[in-house]
Amino acid sequence: MAEAKMHQVADEIRSRWPSVEGIAIVQRVGRLFPQTPTVLIVCTAAHRDTGVFEAARYGIDRLKEIVPVWKKEVSPDGEFWWKANIFPSPGNKKPFCLQAETGMSFPGVFCSNCGGAYPKDGVPYRCSNCGGLYDFRDGYQFDPTQVERSQPGIWRFRHTFGLPPYLAPVTLGEGDTPLLWVEALGRRVALKCEFLNPSALLKTAVRQVSTTWLKSRGVTEAVEDSSGNAGASLAAYAARAGNQGANIYT
Ligand SMILES: [Zn+2]
């Protein structure tokens with residue numbers, strides 16, 4: 001992925017500055033120390049006033065923008081954390097639709113007995129061909145370049161949900177809750193403050209997606225067995241969708 005994006009950067013430079021004759025992009029990998037140069041971009045041209053400096057500057061900016069380079073930073077006392085530097089832009093993404101990519105109505109779900117695909121309509125819990133149960137066979141793949149940072153909260157990861165692209169999310173305006181960094185068990189840990197969502201419920205994320213999916217299938221009533229967040233979140237999001245949600249306390 002990173003090498004493909006580096007080729008894309010080179011192609012973009014060539015298309016913008018035809019005077020550039022040679023391009024070299026080097027990204028160092030492996031164990032590196034602070035202050036160590038990690039990226040080198042070289043552009044050559046017959047004359048220095050033909051945009052070659054601008055081309056190199058464009059290349060480094062674009063590299064930081066679209067080339068997925070993840071690094072593990074290690075402190076002197078052994079503490080470590082991961083950092084990703086992907087900031088997708090319209091030029092970085094291609095239109096993506098899981099259904100179109102796979103040609104399936106609900107990609108990844110098949111009858112565990114006969115292998116039949118999940119139907120386009122309704123919410124069957126058994127296969128109409130053989131009576132078998134459905135199950136996930138192929139997990140959805142996370143693709144960092146498909147993350148839509150312009151979307152709120154969990155919807156930036158929509159490409160992994162298997163929802164039709166035209167479907168509007170059922171939402172209460174949640175998401176983007178803050179991270180609270182703390183020291184715990186000798187590590188630096190980020191706590192996600194999901195209780196700050198409008199519903200004050202920690203199962204907000206999964207309920208947005210499941211309620212949106214149920215709505216897409218024409219479901220107007222739902223029942224959940226729960227003694228806490230799952231049931232309360234079902235009631236909240238079902239109401240938002242204009243449907244009925246009931247909670248059976250267990
Ligand atoms: Zn079957």
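Predicted model: local features only at pLDDT ≥ 70, side-chain atom pairs only at ≥ 80, totals over all residues.

A: Start with helix α1, which covers residues 2–16 and has 15 residues. From first C-alpha to last, α1 reaches 21 Å. That is close to the 21 Å expected at 1.5 Å a residue.

Now the two faces. The buried residues of α1 are Lys5, Met6, Val9, Ala10, Glu12 and Ile13. They cover an arc of only 160° around the axis, so they sit on the same side of α1. The general rule is simple: an α-helix has 3.6 residues a turn, so residues three or four places apart point the same way. The face turned away from the buried side carries exposed residues: Glu3, Ala4, His7 and Ser15.

Strand β3 gives the most, with five residues. The pocket has a volume of about 970 Å³. Its lining has 30 residues, and the closest to the pocket centre are Gly30, Leu32, Lys71, Lys72 and Glu73. By type, the lining residues divide into 15 nonpolar, seven polar and eight charged.

Next, a residue in another helix. Thr212 is found in α4, residues 204–216. Thr212 counts as buried because its relative accessibility is 0%, and the cut-off for buried is under 20%. Which residues does Thr212 touch, not counting residues up to four places away in sequence? They are Trp155, Leu163, Leu167, Ala168, Pro169 and Val170.

Finally, a loop residue. Leu201 is found in the loop between β8 (187–192) and α4. At 13% relative accessibility, Leu201 also counts as buried. Leaving aside neighbours within four places in sequence, Leu201 is in contact with Glu194, Asn229, Ala232 and Ser233. Leu201 and Ala230 are 29 residues apart in sequence. In space, C-alpha to C-alpha, Leu201 and Ala230 are 8.4 Å apart.

Conventions. Residues numbered from 1 in each chain as written. Heavy atoms only, no water. Helix = DSSP H or I, 4+ residues; strand = E, 2+ residues; numbered from the N terminus. Expected span 1.5 Å × (residues − 1). Buried < 20%, exposed > 50% of the residue type's maximum accessible area, 1.4 Å probe, protein only. Arc of directions from axis to C-beta. 1 Å grid on protein atoms, 1.4 Å probe; cavity = no way out; pocket = protein on both sides within 12 Å on 5 of 7 lines; lining within 4 Å. Points joined across faces, edges and corners; volume = space filled by probe spheres on them. Nonpolar A, V, L, I, M, F, W, Y, C, P; charged D, E, K, R; others polar. Contact = heavy atoms within 4.5 Å.
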